[in-house]
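This report covers strand pairing, helix packing and a few single residues in one protein model.

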Amino acid sequence: MGELVPGGNQALPDGALTIRVPGPFDLSALITGEDGKVAGDGDFVFFNQPSAPGARLDGDTVTLRPGALRPGAARVTLVISPADPGTPLGRLPAPVLSVLDERGSPLARFAPPRPSRETVLLLAEVYRRGGGWKVRAIGQGYADGLAGVARDFGVDVADDGAAAAPASLAPASPALAPPASAPPAPVPPMPLVPPVVPPAPATAAPAPADGASRQALDAVNAVRARAGAAPVALDGRLTAAAEAHARAMAAHGALALESPDGTSLFHRIAAHGYRPLTVAEHIVSGPRTPREFVDYCLEGAERRGPFHDPALVHLGIGRADGPTTGDVYWTAVWARPFTPDGLLRLASEVIALTNAERAAARLAPLAPDPRLTAAAQAHSDNMVARDFYSHTGPEGHQPWDRARTAGATHRGIGENIACGQRSPEEVVRGWMNSPGHRANILKPDFTHIGVGHATGSRAGTYWTQVFGAT
């Protein structure tokens, strides 16, 4: 294993990389081109947007597959900031970055000089050099926080119009509430984009009962039985989507939620006619048999989650062999079909968890508002249907514009968005760990709330909270 010093670099092998920074830090990654600038919202991977093509964040670990990064990507910069916002890094344990190969063997380690007043630290970058990739140690700090990082990487900094708001990366980063004193200007009516596919029926569509699928299903349901969860049923639409995705990964020789042409697993699920309310997935290579695939998924706490989740009722499994390497690629899709009542329960859970955070801060609960709910749901549906992730819609509309169009007359409007989280608990936890989102949830002036949720597009799930002050 190589010990890196600032400016030092080391060649990396082909395949997946695991990059870990344990400790009281928030780890994130910025994906840039040769010019060192981000290309859009999807190039920022952090706790509230934990995945992008070729990159996935799980707590203190980024799994990086350089060959699966978006076209034009040439560099991935690893950034840490304190998990407790505003705490100087010098008050925390010294960070240590470790790089491991796909087998878990250590490749490189970097312990930068101990920061002092800095609140953000660029630790290292993985960059393309010729036909391969290298890692370079950086250790550069920013005393002005994420705003300094934003300027260097070509990202706008969100400003709430008031003084001394926590810096955030926009538009993919935590959103701060729009100024309460600025009433929304009239705007033309906006179309409320409908879901792109009809609701999935509650019963599973027949699925081909080939040997591999049946063996995997039996192994899955044996685990669920031991955990006290009801069995799942194979669904033909999910199976077709999983098989198509596994074949695409095998053809390109890379694990990824999104193919190089921009088609994600969730695009495939929609194309095959299934609209999930709740969705989870496993993207795996290596295991040769269904039993080995299930055993591998059960090894990790996060991977094990869907096996025990009673909310999931349908399953699709796809397997494909790499045409040249012989590697085996697996895709498993777990889901619960959309129903209007299910959406209402999901939104109610988000509101209950949000109000629990306000109660802990001795703040009054937020009351559900149907107009704010309509604005929030329209924005989540719009982000899925038009394949974007931003507080600003394609026509330039802002949160307060959408609230006004939905008939809301609140004097102040705020909005939180998130994508990729698979449950109300996960999304509210992510918002509370983000200074901007937390500020909205705990803003005393807010009295009402609406919640929207939609599945599909690139990240799989898109969440919106809209807050109103009377």
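## Two sheets in a predicted model

Strand S1 and strand S11 (residues 106-110) run parallel and are joined by three bridges. Within this pairing, Leu 4 has Phe 110 of S11 as its bridge partner. Strands are DSSP runs of E with at least two residues, helices are runs of H or I with at least four, and both are numbered from the N terminus. Two strands count as paired if DSSP finds at least two bridges between them.

This is a predicted model, in which local features need pLDDT of at least 70, side-chain atom pairs count only at pLDDT 80 or more, and totals for chains, interfaces and linings use all residues. Residues are numbered from 1 along each chain as its sequence is written, and side-chain values use heavy atoms, leaving out hydrogens and water.

The mean pLDDT (the predictor's confidence in each residue, from 0 to 100) is 83, and 85% of the residues reach 70 or more. Over residues 156-199 the pLDDT is below 50, although this stretch has 96 contacts (heavy atoms within 4.5 Å) beyond near neighbours in sequence. Where pLDDT is low, predicted coordinates should not be read in detail.

S1 belongs to an open sheet of seven strands with mixed pairing, in the order S1-S11-S10-S3-S8-S7-S6. Strand S1 (2-4) and strand S6 (51-52) each have a single partner strand, so one side of each is without a neighbour in the sheet.

A four-strand open sheet, also of mixed pairing, has the order S20-S22-S23-S21. Its edge strands, S20 (367-368) and S21 (412-419), each pair on one side only. S20 runs parallel to S22 (residues 448-456), with two bridges between them; Ala 367 has His 448 as its bridge partner in S22.

Two helices lie against this four-strand sheet. Angles run from 0 to 180 degrees between N-to-C directions, with axes fitted to C-alpha atoms, for helices over the stretch in contact.

| Helix | Strands | Angle to S22 |
|---|---|---|
| H7 (residues 340-360) | S20, S22, S23 (460-469) | about 130° |
| H8 (residues 370-385) | S20, S21, S22, S23 | about 25° |

Phe 338 lies in the loop between strand S19 (328-337) and H7. Its relative accessibility is 10%, so Phe 338 counts as buried (under 20% relative accessible area, with exposed over 50% and partly exposed in between; 1.4 Å probe, protein chains only). The C-alpha atom of Phe 338 is 5.0 Å from that of Pro 276, 62 residues away along the chain.

Asn 440, in helix H11 (residues 435-441), is buried at 1% relative accessible area. A polar atom of the Asn 440 side chain lies 3.2 Å from the backbone oxygen of Glu 415.

Methods. Polar contact = N/O pair within 3.5 Å; in protein donor to acceptor, adjacent residues only side chain to side chain.
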